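Open the model in your viewer and keep the selection tool ready. This tour goes stop by stop.

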Amino acid sequence: MSGLTASFAMPAAENPTVAVMDAVFAHHGLNARYINCEVAPEALGGAVRGALAMGFIGFNCSLPHKVKVIEFLDELAPSASIIGAVNCVVIKGGRLIGENTDGKGFVESLRTVVDPAGKDLVIFGAGGAARAIAVESALAGASHITIVNTTASRGQDLVDRINVDTPATATFVHWDHNFEIPDTTEIVVNATSVGLFPDVDSRLNIDPNSLRPSMVVADVIPNPPRTRLLADAADRGCTTIDGMGMLVNQGRVAIKLWTGVDVDGQVMRRTLQELFT
Ligand code: NDP
């Protein structure tokens, strides 16, 4: 090895993603490590400059850094720019490029059962996950997207982004009532935090009888993978997709961006299943 090296010791924060990344790096013999660091909001700029200085190939950022990190980057990928949030940074040739792999991971997971191109979607939620899913589905050719959200301003803002910045059309429904899913809907997505452990018995404020066998129903909640929504949908004959698929695939997309390697999602999924059961 040439040049100077330095070794750093740091406290590692608990995060299931570390185990998943380590397992898949080992499976493919990739000489890479994934570490998790707690970064205070006021230290974010220093942390980003540190990653560049230490020769990192990239990093993920979670809440509350997904928007703030943008001011420290050199460039944004097109979908990250429309979504307005970055969960993955790629460092190439000394440049910091902001990506959003959440929506890409969702679409990859969705494509295992249906291609969103030409489809009508109903998406519950208008937060970070919903924005990423709606924008990537629209860029993947979705025909129409209905955003259903309890806070009207957030929902309308997302609808405006889709209508202005993507080829899809979108409409907003204010979620102040028990929502009946229109029977022309082909793909239904829960992108709210309803159902996330430990609130596993929470249900969306929808009429479950409006779920039809022709619909594909996807949930972003990775833990537990079988949410009330997915159980209700399966009972009515719908095809279901759990949030573990999105979680695995957003990681696969990130590794591909960092290393160029297509890794095995099954190894990642098995590791997650062990952690979540
Ligand atoms: P945000 O806080 O940005 O958004 C939360 C959304 O959920 C908002 O639209 C909010 O509505 C809505 N919401 C919360 N509680 C309720 C409720 N009781 N009834 C109706 N709507 C509700 O969070 P994120 O978008 O970042 O994350 C949402 C979920 O997605 C989390 O559970 C997270 O774990 C999961 N996720 C999964 C990923 C995966 O890879 N599987 C990746 C990223 C996230 P309002 O706007 O009205 O407040």
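In what order do the strands of the open sheet with mixed pairing stand? The order is β1-β3-β4-β2, 4 strands in an open sheet with mixed pairing. Strands here are DSSP runs of E with at least two residues, and helices are runs of H or I with at least four, each numbered from the N terminus. Two strands pair if DSSP finds at least two bridges between them.

Before selecting more, note that this is a predicted model, where local features need pLDDT of at least 70, side-chain atom pairs count only at pLDDT 80 or more, and totals for chains, interfaces and linings use all residues. Residues are numbered from 1 along each chain as its sequence is written, and side-chain values use heavy atoms, with hydrogens and water left out.

Now select β3 (residues 88-92) and β4 (residues 95-99). They run antiparallel, joined by 5 bridges. Pick C88: its bridge partner in β4 is E99.

**Stop two: strand β5.** Select residues 120-124. Of the 5 residues in β5, 4 are buried (buried means under 20% relative accessible area, with a 1.4 Å probe and protein chains only). D120 has H144 as its bridge partner in β6. Follow the chain from β5 through α5 to β6: this β-α-β crossover is right-handed. That is, with the strands pointing away from the viewer, the path from the first strand over the helix to the second runs clockwise.

β5 and β8 pair in the parallel sense over 4 bridges. In β8, N190 is the bridge partner of F124.

Then try A126: a polar backbone atom is 2.9 Å from an oxygen of the ligand. For a side chain, pick N149, with an N or O atom 2.9 Å from a ligand oxygen.

Terms used. A polar contact is a pair of N or O atoms within 3.5 Å; within protein, one must be able to donate a hydrogen and the other to accept it, and residues adjacent in sequence count only if both atoms are side-chain atoms. Buried means under 20% relative accessible area, exposed over 50%, partly exposed in between (1.4 Å probe, protein chains only).
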